[in-house]
Amino acid sequence: MTRKVAIIGVGNSKFGRRDDVSIQELAWESIREAFNDSGVSQRDIGLVVVGSTAYRGVELYPAPIVAEYSGLSGKVPLRVEAMCATGLAAALTAYTAVASGLVDIAMAVGVDKMTEVDTSTSLAIGGRGGNYQWEYHFYGTTFPTYYALYATRHMAVYGTTEEQMALVAVKAHKYGAMNPKAHFQKPVTVQDVLKSRVVSWPIKLLDSCPISDGSATAIFASEEKVKELKIDTPIWISGVGYANDYAYVAKRGEWTGFKATQLAARQAYEMAKVSPNDIEVATVHDAFTIAEIMGYEDLGFTEKGKGGKFIEEGQSEKGGKVGVNLFGGLKAKGHPLGATGLSMIYEITKQLRDDAGNLQQPLKKYVGLVHNVGGTGHFAYVMILRR
């Protein structure tokens with residue numbers, strides 16, 4: 001892969017409970033914005049990759065209906081899925097199609113309607129996201145419990161506290177309340193988080209992301225096309241990384257971080273020829289508050305075991321060492337599984353263009369990072385973007 005690839009257009013729907021639209025209408029919201037943002041149209045797209053888990057919706061095979069509704073029939077030969085990392089899996093697929101020379105312009109669309117089943121059904125579906133026989137079938141393990149296992153281990157080994165975890169939620173809701181596209185629009189306090197209902201100790205309701213509907217889209221183009229189209233501010237993909245880990249969590253041997261993230265990050269940093277110290281703004285996968293704390297460490301933003309201090313000292317706030325999840329993160333912006341990774345690309349693209357409004361991180365190097373995890377560290381993808 002020798003061709004440079006840039007993001008030339010992005011779009012993001014409103015996240016939340018979207019009973020007002022079908023899945024194809026929801027997808028079109030972000031597709032239309034990405035077309036308007038890039039200046040290209042359906043006829044310019046060589047390939048469309050749809051990322052959707054479709055586990056919780058009435059449309060189990062959404063790619064054809066999304067293509068038909070959006071005027072993209074004939075250009076959507078595949079749908080990808082990687083649990084919660086489906087969005088960045090779709091982005092990686094579209095990126096490689098351009099980088100390899102298969103097409104000059106590719107689109108990745110992430111979309112899911114998660115609220116078409118009730119909460120207990122949704123949890124049961126998510127509980128099958130590990131090793132069904134040895135975890136969910138015998139023990140009823142669901143995602144809050146998987147993350148609670150990691151949280152209790154991190155607390156025992158490094159002294160991480162529930163209050164530090166609560167600070168992640170407070171930060172997320174503060175910025176979510178400033179983002180009109182976020183699912184949650186209301187700030188919370190540390191006490192609100194600590195007093196919220198326990199789901200699986202130490203994970204409480206306000207430590208957990210919501211079940212959301214939403215879509216996000218990114219358009220990728222070769223360097224030649226960027227020049228031909230005279231794109232004003234292309235955002236270049238300078239590094240990508242991907243990895244996975246054992247499905248059966250008990251086989252991993254270490255439960256204070258995600259090996260898949262560590263491997264993916266190392267690969268992305270090496271390809272981009274940067275270090276964690278070069279990253280100024282990032283999206284870190286925060287389905288639960290402990291995930292963001294572990295992400296700080298796994299991505300190299302701070303030393304192992306110091307993630308709690310990192311949030312406590314404000315180093316991941318706007319204006320801090322690395323501005324993290326400044327559009328609200330999964331925790332407050334929302335987590336429609338297929339859309340999340342592409343919504344992260346939307347966010348970092350806006351940041352690197354200096355187009356994030358009152359959520360803008362001050363930048364000098366213009367280097368950002370996108371981090372998307374599938375399951376409980378079952379998959380991890382990392383992309384490094386530069387202006």
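**Helix packing and buried residues in a predicted model**

The crossing of helices H1 and H2 is right-handed, a term used when the near helix is turned clockwise from the far one by less than a right angle, anticlockwise being left-handed. The structure is a predicted model, in which local features need pLDDT of at least 70 and side-chain atom pairs count only at pLDDT 80 or more, while totals for chains, interfaces and linings use all residues. Residues are numbered from 1 along each chain as its sequence is written, and side-chain values use heavy atoms, with hydrogens and water left out.

Helices (H or I, at least four residues) and strands (E, at least two) are DSSP runs numbered from the N terminus. Two packed helices are described by the angle between their axes and the distance between the axes. Helix H1 spans residues 23-38 and helix H2 residues 62-69; they pack at an angle of about 55°, and their axes are 9 Å apart. Axes here are lines fitted to C-alpha atoms, for helices over the stretch in contact, and angles run from 0 to 180 degrees between N-to-C directions. H1 and H2 are therefore oblique to each other, since angles under 35 degrees count as roughly parallel, over 145 as roughly antiparallel, 65 to 115 as roughly perpendicular and the rest as oblique.

In contact (heavy atoms within 4.5 Å), Ile-23, Gln-24, Glu-25, Ala-27, Trp-28 and Ile-31 of H1 meet Pro-62, Ile-65, Val-66 and Tyr-69 of H2. The residues of this contact comprise eight nonpolar, one polar and one charged. Ala, Val, Leu, Ile, Met, Phe, Trp, Tyr, Cys and Pro count as nonpolar, Asp, Glu, Lys and Arg as charged, and the others, Gly among them, as polar.

Buried residues (under 20% relative accessible area, against over 50% for exposed and in between for partly exposed, with a 1.4 Å probe and protein chains only) occur in helix H4 (residues 119-126), where Ser-122, Ala-124 and Gly-126 are buried. Their cover includes helix H5 (132-139) and helix H6 (143-158).

Gln-164 lies in helix H7 (residues 162-176) and is buried, with a relative accessible area of 7%. Leaving out residues up to four places away in sequence, Gln-164 touches Gly-159, Ile-293, Gly-308, Lys-309, Ile-311 and Glu-312.

Phe-327 is placed in the loop between strand E10 (323-324) and helix H13 (329-333). Phe-327 counts as buried because its relative accessibility is 7%. With residues up to four places away in sequence not counted, the residues that Phe-327 touches include Tyr-175, Asn-179, Tyr-346 and Leu-359. Phe-327 and Ile-31 are 296 residues apart in sequence and 20 Å apart in space, C-alpha to C-alpha.
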